[in-house]
Amino acid sequence: MSLIAEMSQKALSLGLPISVHLDITYRCNERCVHCYLDHDDHGEMTTAEIINVLEQLADAGVFFLSISGGEVLMRRDFFEIVERARQLLFNVKVKTNGVMIREKEAARLRQLGVEQIQISVYSHRPEVHDAITKLPGSLKKTIRAIRFLKAQGLKVSIANVLMAGNFSDQAGVIALAKELGVQYTLDPTITPKMDGDRSILALRIPGSALKQVFNNAELVGNVEEFCAPPPAPDEDVMDGYPCSAGHTACYISPYGDVFPCVQFPLPSGNVRKQKFLDIWNHSTQLKEVRSIRARDLPTCSTCAHVGTCTRCPGLAYMEGSMRGPSTADCEKSFQRTGIPSANMLKRARTESAGPLIQIQLPTNSAQDGPFPVATGSPEALAGISVHA
Amino acid sequence: MAEKYIARSKAIAARMIGGEMMVMSAVDSTFFTLNEVASTIWQAADGRTPLSEIVTDKVCQEFEVERDRAQHAADRFVDELSQHGILLVSDQPLIDSSQESR
């Protein structure tokens, strides 16, 4: 086990939040077609409030701090926030589109000892990237920023969100990352908007494209191993929890709201009203998230993929239940291994069985209206058959 | 033998977790965990207090270790961390220390 894995295990056993994702603004200079945020400012935390939160996080034991947005540089106090975070000795990762980073900003990030800068790149072609960000010239500026950051010796990674509209440019982005000498990461998951709007899910890549990703040795390493059928789950798997959300990690919005994860919009408290540690230790929502084990998941506990699935409890929550399946992850497990998930099989059975409720009207009552009159007795409901 | 002054590098991330100090270099991402004795030296590395004083006043007091043995272990620890740029070592006080170790 690596030292970092040991540290995470220790944090888990001590109930410590080792990792926090802090969005300091939702404002942005880009308008990405797949973005899940509302970019208006509804009352962001002030500089003083954010610094106070950072001090609380340091006292709580947080080590890894991701500072993100929106576009972080839309805040004039961005460097003041990062400077305080580094004084408090956080391992700081900054997520940005890079458009506002020039030589001076890159040098400042280096001086402050930021661990890593993650920059979103959607394509190596301006016409595709800029059509996604809706900001003309954005790819050129983003690539310029990456060069400035690299010249400072900073670690940079390109985050490539895959959508139907840019999937075919994936190899081009990988080549661009190689040319720039930066790490490449991809994310094939488009998430619903934070207000619950699911319309952007239409941008997701189709299953066949996912399969291509999972069979790309350059991305996954040993394809045979990566796509192998899941082993039978043992007791450890059934006693396991799905991810670090709420266990050793959480998310804080620009308005001070605390959630288990940026992808898990379950309001669990607000740092403007309560101390962070009070929320972390006593929130009923976080306690509920922590109480869930694989064996408690009605459908997923019966699934062959239970031990290997990337099931996101936040996406499941957005689909209706934090104990339910996340269909995007069902699809990933299926495309990776060719074995359908328990949820897919269940849905197929339901769909093939026809409608959930069938009503047969008494022959001579059609003239009385479309529904039989139920009097409350079982006999009165005899005309209704239910297909599970 | 010249006195040693030690200060934590600015290019690190660090946090005390369950009695152990976790330290990561921002330069090469090398990750260290320090035991309780090493954590005590680390937290006292303010650039102003001589290492010998840290050993006498902190290590020997808190852990009931024989002084020469503690000094030898502290010298080795400081050498190792300084090689990774995690600790700065000088025979003169190192003044600037704006970081807070928590």
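In which loop of chain A does His39(A) lie? His39(A) is found in the loop between β1 (19-23) and α2 of chain A, where helices (H or I, at least four residues) and strands (E, at least two) are DSSP runs, numbered from the N terminus.

## About the model

This is a predicted model, in which local features need pLDDT of at least 70 and side-chain atom pairs count only at pLDDT 80 or more, while totals for chains, interfaces and linings use all residues. Residues are numbered from 1 along each chain as its sequence is written, and chains are lettered from A and ligands numbered from 1 in the order in which they are written.

## The surroundings of His39(A)

His39(A) is partly exposed, with 16 other C-beta atoms within 10 Å; a residue is called buried if 20 or more other C-beta atoms lie within 10 Å of its own, exposed if 12 or fewer, and partly exposed in between, with C-beta atoms placed from the backbone. Leaving aside neighbours within four places in sequence, His39(A) is in contact with Tyr26(A), Arg27(A), Cys28(A) and Gly70(A), where contact requires that the C-beta atoms of two residues, placed from the backbone, lie within 7 Å. Asn216(A) is 177 residues apart from His39(A) along the chain, and the C-alpha atoms of the two are separated by 35 Å.

## Nonpolar cores

A nonpolar core is a set of buried Ala, Val, Leu, Ile, Met, Phe, Trp, Tyr and Cys residues joined through C-beta atoms within 7 Å. The largest such core has 107 residues, of which Leu65(A), Ile67(A), Ala85(A), Phe90(A) and Leu149(A) touch the most other members. Helix α6 (residues 138-151) of chain A gives the most to this core, namely six residues.

Not counting residues up to four places away in sequence, Ile67(A) touches Leu22(A), Ile24(A), Val72(A), Ile81(A), Val82(A), Ala85(A), Val92(A) and Val94(A).

## Where chains A and B meet

In the contact between the two chains, 18 residues of chain A meet 18 residues of chain B. On the side of chain A that touches chain B, the elements giving two or more residues are α1 (3-14) and α2 (47-60) of chain A, and the largest share, six residues, comes from α1(A).

## Chain B as a whole

Chain B has three helices and six strands, which follow the pattern β-β-β-β-α-β-α-α-β along the sequence. The radius of gyration of chain B, taken over C-alpha atoms, is 13 Å, close to the 13 Å that the globule rule gives for 102 residues, so chain B is as compact as a globular protein of that length; the rule is 2.2 Å times the number of residues to the power 0.38. Buried residues make up 30% of the 102 residues in chain B.

## Helix α3 of chain B

Helix α3 (residues 67-83) of chain B has 17 residues and reaches 24 Å from its first C-alpha to its last, close to the 24 Å expected at 1.5 Å a residue, the expected span being 1.5 Å times one less than the number of residues. The buried residues of α3(B) are Ala70(B), Ala74(B), Val78(B) and Leu81(B). Seen down the axis of α3(B), these residues fall within an arc of 70°, so they line one face of the helix; the arc is that of the directions from the helix axis to the C-beta atoms.

The buried residues of α3(B) are covered by elements including β1 (5-8), α1 (36-44), α2 (51-63) and β6 (87-90) of chain B. The face turned away from the buried side of α3(B) carries the exposed residues Asp68(B), Arg69(B), His72(B), Arg76(B), Asp79(B) and Gln83(B).
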